[in-house]
Amino acid sequence: MKFWTSEYIFNAPWETVTTAAFRKYPNEYNPNVVGMDVVDRSVDSTGQLHSHRLMSTKWSLAQWVIKILGANPTMYVQEHSIVNPAAKSMVLMSRNLTFSNIVTVNEKLIYSPNPVNTDQTLLKQEAEVTVHINFSSYLEGVFVDNMATNASKGRVAMEHIIGRIQTEVHDLATSARKGLEDMTSSVNLA
């Protein structure tokens, strides 16, 4: 069993970053994720949003690793998330479904306001990789290295999506302001 942890600070508020997390896949930075389907989504009595999604992915592992695992080109990962808007907390947990009898990858991401600057968002990410066959230590290392690479790509994708959300908000505010100015000038002319 191998562990991997990481922390990252997004220079955007929690609301924007959590919105981006739901819009993260698919994207050009992580082409191995080919689909994301919502299985279930509900809001509980305390106002927390619970989501269960299914990710379709093509693992970007070395061909020899895929041969050892006997992997199908499309693999599946389940993702469960809980968003608590009152506490400004989002916890996202994922686990591979495909070949979980050979390798298990449990990942947990926690998004919360940065305690040093609440206009920023802190991401705490951890993963546990367990390989259940021979050469497990070596293969676990390969998976952890792959995890670190994919996490880096995921952060780039998140930054891109955050930028897109910020542009959408700016454009909407500009359009609304222009519409209000046009209405005001029409009223003043009449």
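**Close-up views of a predicted model**

**View 1. The hairpin of β2 and β3.** Strands β2 and β3 form a hairpin in which five residues stand between them, and G47 in the turn has a positive phi of about 90°. The model is predicted, so local features need pLDDT of at least 70 and side-chain atom pairs count only at pLDDT 80 or more, whereas totals for chains, interfaces and linings use all residues. Residues are numbered from 1 along each chain as its sequence is written, and side-chain values use heavy atoms, with hydrogens and water left out. Strand β2 covers residues 33-43 and strand β3 residues 49-57, and the two run antiparallel, joined by nine bridges; across this pairing G35 stands opposite S56 in β3. Helices (H or I, at least four residues) and strands (E, at least two) are DSSP runs numbered from the N terminus, and two strands pair if DSSP finds at least two bridges between them.

View 2. Strands β4 and β5 run antiparallel and are joined by eight bridges, and the bridge partner of Q78 in β5 is R95. Their hairpin has four residues between the strands, and K88 in its turn has a positive phi near 50° although this residue is other than glycine. At 32% relative accessibility, K88 counts as partly exposed, a class between buried (under 20% relative accessible area) and exposed (over 50%), with a 1.4 Å probe and protein chains only. Strands β5 and β6 also pair in the antiparallel sense, over six bridges, with L92 having L109 as its bridge partner in β6. In the hairpin of β5 and β6, which has six residues between the strands, F99 takes a positive phi near 60°.

**View 3. The cis peptide bond at P26.** The peptide bond from Y25 to P26 is cis, with omega near -15°, and P26 has its place in the loop between α1 and β2. Most residues other than glycine have a negative phi, and most peptide bonds are trans.

**View 4. The nonpolar cores around Y111.** The largest nonpolar core has 16 residues, of which F10, V17, A20, M90, Y111, M158 and I162 touch the most other members. Helix α1 (14-22), strand β5 (89-96), strand β6 (103-113) and helix α3 (136-189) each supply at least two residues of this core. A second, separate core of eleven residues includes W4, V129, V131 and A151. Such a core is a set of buried Ala, Val, Leu, Ile, Met, Phe, Trp, Tyr and Cys residues joined through side-chain atoms within 4.5 Å.

**View 5. A157 in helix α3.** A157 is found in helix α3 and, at 1% relative accessibility, counts as buried. Leaving aside neighbours within four places in sequence, A157 is in contact with N27, Y29 and N30. A157 and N106 are 51 residues apart in sequence and 21 Å apart in space, C-alpha to C-alpha.

**View 6. The cavities.** On a 1 Å grid over the protein atoms alone, a cavity is a set of points where a 1.4 Å probe fits but cannot get out, a pocket is an open set with protein on both sides within 12 Å along at least five of seven lines, and lining residues have an atom within 4 Å of a point. The largest cavity is lined by 28 residues, of which Y25, M55, E107, M147 and N150 lie nearest its centre, and helix α3 gives the largest share of this lining, six residues. The second largest cavity holds about 40 Å³ of space, and its lining includes F10, K24, Y111, R155 and M158.

**View 7. The largest pocket.** About 160 Å³ of space lies in the largest pocket, and residues lining this pocket include F3, Q78, H80, R95, N106 and E128. Strands β4 (75-84), β5, β6 and β7 (121-131) each supply at least two residues of the lining.

Definitions and conventions
Grid points are joined across faces, edges and corners, and a volume is the space filled by probe spheres set on the points. Contact means heavy atoms within 4.5 Å.
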